[in-house]
Amino acid sequence: MSSESAEPSLRVMSLHALAYCERLFYLEEVEEIRVADEAVWAGRQLHAELDEPGDVVEMTLESATLGIRGRIDALRRRSGELFPVEHKRGRARRGAGGEPAAWESDAVQAAAYAMLLEEHAGRPVVEARIRYHRDNVTVRLPITEAERAAVVRTIARARELARSPDRPRVTEDERRCVRCSLAPVCLPEESRFAEAEALSLSPAADRGLPGVLAPGGATAASRAAVEALPSPVRLYPPDTERRSLHVVSHGARVGRSSDAFEVTEREGERTRIGAREVSDIVVHGHAQITTQALRLCAAEEIAVHFVGAGGAHVGVFSGGSSGVQRRIRQFRGLTDDAFAIGLARRLVMAKIEMQLRHVLRASRKDEALRAGIEEPIEMLRGSLRRAARAVDRPSLMGQEGNAARAYFSALAALVHPDAGDALRPRGRSRRPPEDRFNALLSFGYTLLYRDVLSAILRVGLEPGFGVLHQPRSAAFPLALDLTELFRVPVVDMAVLGAVNRRTFDAGRDFAVTGRQVWLSDVGRRAFIEVYERRKHEEYRHDVLGFSLSYARMMELEARLLEKEWSGEPGLFARFRIR
């Protein structure tokens, strides 16, 4: 590569990733998605502790000719010869006779370092060494013409992949995915499951709707074939390690203290929270956040949401940038209106079916109650059937609206008499809510919208382009789309359960001004606790077969949606409450 080339140099580590898995290379180097898991931190700690006598430790080199750059772990001189030493935490590969050997990806990396050193020193480098610390062996790697050619081929392939907007396919070697730090982003097992499922269905089956009302959909034989498929191997973490930081008190301020946030209450009380413990920050009402804290949020890719005193989402600050390739694929996919309508249909059907299941579930032990809401139940079933046949957005939105009216009329009957008349809803009212139950729902939907938006931003999608909702307000259409999947399980069920348990006090937890009903500061705090607890409850995904929290599921659904237009479709909007 000439020094005048517009292409930036490649990290030698990226060649290691490419030799291991082309998809890993693409995610890390092209889309710039990097996840530091426990193994990555342990590797960094190992390199930090390296300090052997006679070594030059961590020497950084770059070659304009090769177009690569890298930091050599250690440089040694023996018998007048220079050679690089690469340190690895794991075990060496074993040859046919059991002798230690280098893994292919390690050999490419070590040879690239040797070629960098050779150019820098102006003398031949004939050997590199790789130290495998797990089994305490050192592999000597001769730098032959074959090793040099492998490096050149890997560089050329890296350049080719970097110019493409399309991700490579998941590797065929499943073993490589088990310990990969990017498995929660790549979702390799989910991709394999979706592909196996597609092959098991009859040609006439609608891949997106098995188990759901789907005219002309999967046959009984196809459904049986799908059910016989083994669940994907669990590589996706069950819950988020970080938690949302809500700042509710009037006049409270979020500042920065080194690599932590410091929340100062108006009375002077201070609380310190490490940045790596925080998924996002929610600034409510008239609380504040400093510029220094915002810079830390940008560095750690922590979204900051601003929620008004009335509970409305005002805006979001999100640091970092997403790879343009993800957005190119999104825009390309959504230009196909038939494709987008198909995804929108799945969303509406998922929402209506979960509304129906919620009503049926909550009334299953009370025959009188079930009889009293039979009409809205039938209306929900009718809306679900008609949504399955809808071919455009107006029809889908019409059935979604009909179902919502039936659902909220039934929801009022599900409130236990002991909760009191003051907490019983009178249909659905918004902007402003006109009763206490709707005040809880509206605030819950705001918190849910915020969580879904954070998930979309983490995945790197453009929230302004959705499949069902169209740009009509300050709200992001794609966030509104994904919110539909979680309204019932995360908000509606949590609100109904809390009201029936008498968690809220009609006087203390609400403020009433004319027809408008809002949550008081005390009520807002109580509801945030209810919501956050619900968000981190784990639920078994009925298609994938493993349990994960709703917080994790929000990000999973965003990633599964991205797969729909990235060549690995079939699993988006498939989970249902039981």
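Visitor: How many cavities of 30 Å³ or more does a search of the whole structure find?

Guide: In this predicted model, a search of the whole structure finds one cavity of 30 Å³ or more. The largest cavity has a volume of about 110 Å³, and among the 14 residues that line it, Cys21, Leu24, Cys177, Cys180 and Cys186 are the closest to its centre.

Visitor: What makes a space a cavity and not a pocket?

Guide: A space is called a cavity because a 1.4 Å probe fits there but cannot get out, whereas a pocket is open.

Visitor: Which helix gives the most to the lining of the largest cavity, and how does that lining divide by class?

Guide: Helix H2 (22-30) and helix H6 (183-186) each supply at least two residues of this lining, and H2 gives the most, with three residues. By class, the lining of the largest cavity has eleven nonpolar, one polar and two charged residues.

Visitor: How do you know how helix H16 (residues 477-500) and helix H18 (residues 550-564) pack?

Guide: Two packed helices are described by the angle between their axes and the distance between the axes. For H16 and H18 the angle is about 140 degrees and the axes are 11 Å apart, and the crossing of these two helices is right-handed.

Visitor: Which residues of H16 and H18 meet, and what are their classes?

Guide: From H16 come Leu478, Leu482, Leu485, Phe486, Pro489 and Val490, which meet Tyr550, Met553, Met554, Glu557, Ala558 and Leu561 in H18. These contact residues divide into eleven nonpolar, no polar and one charged.

Visitor: What makes up the lining of the second largest pocket?

Guide: The second largest pocket, in which about 1400 Å³ of space lies, is lined by 44 residues, and Arg428, Arg430, Arg431, Leu480 and Arg487 lie nearest its centre. Elements that give two or more residues to this lining include strand E16 (313-317), helix H11 (337-362), helix H15 (436-459) and H16, while the largest share, seven residues, comes from H14. The lining of this pocket divides into 21 nonpolar, twelve polar and eleven charged residues.

Visitor: What share of the residues of the protein count as buried, and what secondary structure does the protein have?

Guide: Of the 578 residues, 54% count as buried, and the secondary structure comes to 18 helices and 20 strands. Among contacts between residues at least 6 apart in sequence, 66% join residues at least 24 apart.

Definitions and conventions: Residues are numbered from 1 along each chain as its sequence is written. This is a predicted model: local features need pLDDT of at least 70, side-chain atom pairs count only at pLDDT 80 or more; totals for chains, interfaces and linings use all residues. Side-chain values use heavy atoms; hydrogens and water are left out. Axes are lines fitted to C-alpha atoms, for helices over the stretch in contact, and angles run from 0 to 180 degrees between N-to-C directions. Helices (H or I, at least four residues) and strands (E, at least two) are DSSP runs, numbered from the N terminus. A crossing is left-handed if the near helix is turned anticlockwise from the far one by less than a right angle, and right-handed if clockwise. Contact means heavy atoms within 4.5 Å. Ala, Val, Leu, Ile, Met, Phe, Trp, Tyr, Cys and Pro count as nonpolar, Asp, Glu, Lys and Arg as charged, and the others, Gly among them, as polar. On a 1 Å grid over the protein atoms alone, a cavity is a set of points where a 1.4 Å probe fits but cannot get out, and a pocket is an open set with protein on both sides within 12 Å along at least five of seven lines; lining residues have an atom within 4 Å of a point. Grid points are joined across faces, edges and corners, and a volume is the space filled by probe spheres set on the points. Buried means under 20% relative accessible area, exposed over 50%, partly exposed in between (1.4 Å probe, protein chains only).
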